[in-house]
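Colleague: Let's go through the labels on this model. For each one, I want the value and the rule behind it.

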Amino acid sequence: MTSIIDRPEQKSPERGGGTGSGLMAAIRNVLDRPLTSYHLVLGATGLLMVLGLLMVLSASSVLSLRTNGNSYTIFYRQLIWVGVGLPMAYVASRMTPRHFRMLAYVALLGSTFLLVLTYVPGLGKNVNGNTNWLSFGGPLQIQPSEFAKLALVMWCGDLYARKQKLLTQWKHLLIPMAPVCGLVIALIVGQRDLGTALVLMAIMIGLIWVVGAPTRLFVAAIVVVGAIAAYFVKTAEHRMARLTNFMNPFADPTDVGWQAYHGLYALSTGGWWGVGIGNSRQKWGNLPEAHTDFIFAVIGEELGLIGSLTVLALFLTLAYAGIRIATRSTEPFIRYCASGITVWIMAQTLVNLGAVIGLLPIVGIPLPLLSYGGSALLPTLIAVGMLLSFAKAEPGAQAALKEHRRPLFGWMSARRTPGPSGRENTRER
């Protein structure tokens, strides 16, 4: 055993050379706290949502004025969706893994049923060539495929948690997970929505890797997914046009390359600090879907490179928190579900950002927590609520939450403590 005397002398910050080590120690101390994951998820999500509302207001103002006669109509709708989604996220954060597992099969059956309804004439609505919307009359319409992402994550997490001791056998890794996910993906591909199908495939591959599938099985899954995606791209003329345009977005900037061209132009004119919030030029009709799929282009134009990097940092923070929750948990369902949520949000983010900056073909999926749309926002907020619930199950998190609440309750009780005269003690005002 090494004695204290035999140990090398540690430098203190005062002796010089210890500033860096002191900073690293402070960072490690913060990251080692029980509620770090909880605060990271809450903080990153909150900042992304506030920024999203601000950018939806800016990016949609011109379109909203032209179509509704009011620059704030689209923003008000998004605000309503946020008002609906936040209570749902709060309820999810108060639930336990047992509750989520009880709802997993209900969510899967419900979302699959809604997907089937999109094929019913009069209910399925075609938007931008994809029949992936379900109309209930009037302004009320939803996109069931967005809820299917959350349902599949919950169902796969519960399935693999039940089969925890059997996951060394490849057949238990794939059955019934692959057939059920394949059915849901087939329903979505039938709606001509390849972008959402690719995100679901990414969730499948991510979960197969998380549960510890053999390398050959993992590689085989990637090859199969790639072959399926290539087939559907090759058999659809508009998808082939997008792929060809992706190779050279400036080849046809007046037709197929219009959106990609103006998205890149918006990013290139932003500079370091942007042209200022509300001052985007591309949102004046040049950039299609400026408030939905291409909202990041408006962010880059109005907030510049610094704003764009800030958005990337927030998503990376959310990804780190999700991975941290998954790795620190000893409960299989939490590990698989947290991993699935993280893969889902990050895969969708990468596909969206890759399309905007020209690294991937345009597939038409929104940027999580930032783009306009309630169908995408609600399941994402519920998923964030689940991450918060899982974060509270980390070692020491419940005790830390009680410690955080105790000073507040102690202060409230101190204000109500009866004084010598029988009256409550209150602070002087």
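Modeller: Helices are DSSP runs of H or I with at least four residues, strands are runs of E with at least two, and both are numbered from the N terminus. This is a predicted model: local features need pLDDT of at least 70, side-chain atom pairs need 80 or more, and totals for chains, interfaces and linings use all residues. Residues are numbered from 1 along each chain as its sequence is written, and side-chain values use heavy atoms, without hydrogens and water.

Colleague: Where does glutamate 289 lie?

Modeller: Glutamate 289 is in the loop between α11 (258-268) and α12 (295-328). Its phi is near 55°, a positive value in a residue other than glycine.

Colleague: What makes glutamate 289 partly exposed?

Modeller: Its relative accessible area is 30%. Buried is under 20%, exposed is over 50%, and partly exposed is in between (1.4 Å probe, protein chains only). Glutamate 289 is therefore partly exposed.

Colleague: What is the phi of arginine 192?

Modeller: Near 70°, again positive in a residue other than glycine. Arginine 192 sits in the loop between α7 and α8 (194-210). At 41% relative accessibility, arginine 192 counts as partly exposed.

Colleague: Why point these out?

Modeller: Because most residues other than glycine have a negative phi, and most peptide bonds are trans. The bond from isoleucine 175 to proline 176 is cis, with omega near 0°. Proline 176 belongs to the loop between α6 (170-174) and α7 (177-190).

Colleague: Why are α5 and α13 called roughly antiparallel?

Modeller: Helix α5 (residues 144-162) and α13 pack at about 150°, with axes 8 Å apart. Axes are lines fitted to C-alpha atoms, for helices over the stretch in contact, and angles run from 0 to 180 degrees between N-to-C directions. Under 35 degrees is roughly parallel, over 145 roughly antiparallel, 65 to 115 roughly perpendicular, and the rest oblique. Hence the label for α5 and α13.

Colleague: What makes the pair of phenylalanine 333 and phenylalanine 390 edge-to-face?

Modeller: Rings of Phe, Tyr and Trp (its six-membered ring) pair if their centres lie within 6.5 Å; planes under 30 degrees apart are stacked, over 60 edge-to-face, the rest tilted. By this rule there are seven aromatic pairs. One of them joins tyrosine 231 and phenylalanine 232, at 5.3 Å and 70° between the planes, and is edge-to-face. Phenylalanine 333 and phenylalanine 390 have centres 6.1 Å apart and planes at 90°, so edge-to-face applies there too.

Colleague: How do you know that this pair ties together parts 57 residues apart in sequence?

Modeller: Phenylalanine 333 lies in helix α13 (residues 332-356) and phenylalanine 390 in helix α14 (residues 374-391), so the pair links those parts. Phenylalanine 333 is buried at 0%. Phenylalanine 390 is buried at 1%.

Colleague: How exposed are tyrosine 231 and phenylalanine 232?

Modeller: Tyrosine 231 counts as exposed at 52%. Phenylalanine 232 counts as partly exposed at 23%.

Colleague: Which strands are edge strands?

Modeller: Three strands form an open antiparallel sheet in the order β1-β2-β3. Two strands pair if DSSP finds at least two bridges between them. Two bridges join β2 (residues 130-135) to β3, with leucine 134 opposite isoleucine 142 in β3. The edge strands are β1 (124-127) and β3 (141-142), each pairing on one side only.
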